[in-house]
Amino acid sequence: MDRLKSRLSFTLIAVILGFMLAIQFQTVKKPEERDTRDIWQLREALLKEKEIQANLITEIRSNEEKLAAYESSREQSKEKTLRDTLQELKIEAGLTEISGAGITLVIEPVLEDPGIGSVTKHTVPSELLRRLLNELNMYQAKYVSIDGQRIINTTVIREIQSETKIDGHSIKSLPIEVKVVVNDMEGAEKLYNNMQVSKSRDEFFIEGFRLNVSTPSPSITVPAYENPIRIRYMEPVKEGGGS
């Protein structure tokens, strides 16, 4: 009985071992076929990956070119903005010649020299010119020149030794042209109408001068300011915003 059990156990063990060997044998054989098939699949996948990589490289280069073009465009835009800002500042400071709609005022003496027949030389009081400027500004004048001298915010009109000077320029003879530029022809029409009945005309007449007002023109030219601009009470700002 014990022998029978031993034989059965041996047989069962042999069957199990044989089954395991058969499975192992099949496992060893199948990878050879699968490996051969996977090599071609890997090659095909590798080719696809290389193609994808090539496409990515092309796309990256394209994006880099676009980015470089964008940066160049942005730098040019910054440069253009700076140039435009500088030009605007020059215009506001009076450093550029301006042409536009406006009028011309001519200051001349009421009486002429009967002996010569020419205009009598006479100095226009600085106070009259300052009042005229105040009135022009009240009527929306944007750009003004007197006797070819551009008037800006820092312009000084004063009398030195009985001679009227505008920022050092002496007004020695008449007639004097005062050129005024406004925003548009509508503004020029309004300025013309206002100056026809202005107080300045009466004040000039009392002092012996005639203030003639020309009809509005679309092309009045005011020259640029030519004297050095002195800046007072200003200091450069240190890096970081400190003074």
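## Helices, core and selected residues of a predicted model

Helix α2 has 13 residues and reaches 19 Å from its first C-alpha to its last, which is close to the 18 Å expected at 1.5 Å a residue. The structure described here is a predicted model. Within α2, the buried residues are Ser 126, Leu 128, Leu 129, Leu 132, Leu 133, Glu 135 and Leu 136, and the helix is followed by Gln 140, whose phi is positive, near 70°.

The chain as a whole contains four helices and nine strands, and from the N terminus on its elements run α-β-α-β-β-β-β-β-β-α-α-β-β. Buried residues make up 22% of the 243 residues in the chain. The accessible surface comes to about 18,200 Å², of which 54% belongs to carbon and sulfur atoms. Among contacts between residues at least 6 apart in sequence, 79% join residues at least 24 apart.

In soluble globular proteins, nonpolar side chains tend to be buried together. In this model the largest nonpolar core has 30 residues, and those with the most contacts inside it are Ile 107 and Leu 136. At least two residues of this core are supplied by each of β1, α2, β2 (143–146), β7, α3 and β8, and the largest share, five residues, comes from α2.

Once neighbours within four places in sequence are left aside, Ile 107 is in contact with Val 124, Leu 129, Leu 132, Leu 174, Pro 175, Ile 176, Val 178, Phe 204, Phe 209, Arg 210 and Leu 211. A second, separate core of five residues includes Ile 98, Tyr 143, Val 181 and Val 222.

### Helix α3 and its cover

Helix α3 (residues 185–196) has 12 residues and reaches 16 Å from its first C-alpha to its last, close to the 16 Å expected at 1.5 Å a residue. Its buried residues are Ala 188, Leu 191, Tyr 192 and Met 195; seen down the axis of α3, they fall within an arc of 100°, so they line one face of the helix. The face turned away from this buried side carries the exposed residues Glu 186 and Lys 190. What covers the buried residues of α3 includes β1 (98–109), α2 (126–138), β7 (176–181), α4 (199–206) and β8 (209–213).

In the loop between α3 and α4 lies Ser 198, which counts as buried at 3% relative accessibility. The side chain of Ser 198 reaches back to α3, where the backbone oxygen of Met 195 is at 3.3 Å.

### Three further positions

Gly 102 lies in strand β1 and is buried, with a relative accessible area of 0%. Leaving out residues up to four places away in sequence, Gly 102 touches Val 180, Val 181, Val 182, Ala 188, Thr 215, Pro 216, Ser 217 and Ile 220. Although Gly 102 and Val 180 are 78 residues apart in sequence, they are 5.4 Å apart in space, C-alpha to C-alpha.

Thr 155 is placed in the loop between β3 (149–151) and β4 (157–160), and at 17% relative accessibility it counts as buried, because the limit for a buried residue is under 20%. A polar atom of the side chain of Thr 155 lies 2.8 Å from the backbone nitrogen of Ile 152, and the Thr 155 side chain also makes a polar contact with the side chain of Asp 167 at 3.2 Å. Beyond residues up to four places away in sequence, Thr 155 touches Arg 150, Ile 166, Asp 167 and Tyr 225.

Glu 92, by contrast, is exposed, with a relative accessible area of 63%, and its place is in helix α1 (residues 2–93). The C-alpha atoms of Glu 92 and Asn 153, which are 61 residues apart along the chain, are separated by 9.6 Å.

The relative accessibilities of the individual positions discussed above are collected here.

| Residue | Relative accessible area | Class |
|---|---|---|
| Gly 102 | 0% | buried |
| Ser 198 | 3% | buried |
| Thr 155 | 17% | buried |
| Glu 92 | 63% | exposed |

Methods. Residues are numbered from 1 along each chain as its sequence is written. This is a predicted model: local features need pLDDT of at least 70, side-chain atom pairs count only at pLDDT 80 or more; totals for chains, interfaces and linings use all residues. Side-chain values use heavy atoms; hydrogens and water are left out. The expected span of a helix is 1.5 Å times one less than its number of residues. Buried means under 20% relative accessible area, exposed over 50%, partly exposed in between (1.4 Å probe, protein chains only). The arc is that of the directions from the helix axis to the C-beta atoms. Contact means heavy atoms within 4.5 Å. A nonpolar core is a set of buried Ala, Val, Leu, Ile, Met, Phe, Trp, Tyr and Cys residues joined through side-chain atoms within 4.5 Å. Accessible areas come from the Shrake-Rupley method with a 1.4 Å probe; for residues, only the protein chains shown count as cover. A polar contact is a pair of N or O atoms within 3.5 Å; within protein, one must be able to donate a hydrogen and the other to accept it, and residues adjacent in sequence count only if both atoms are side-chain atoms.
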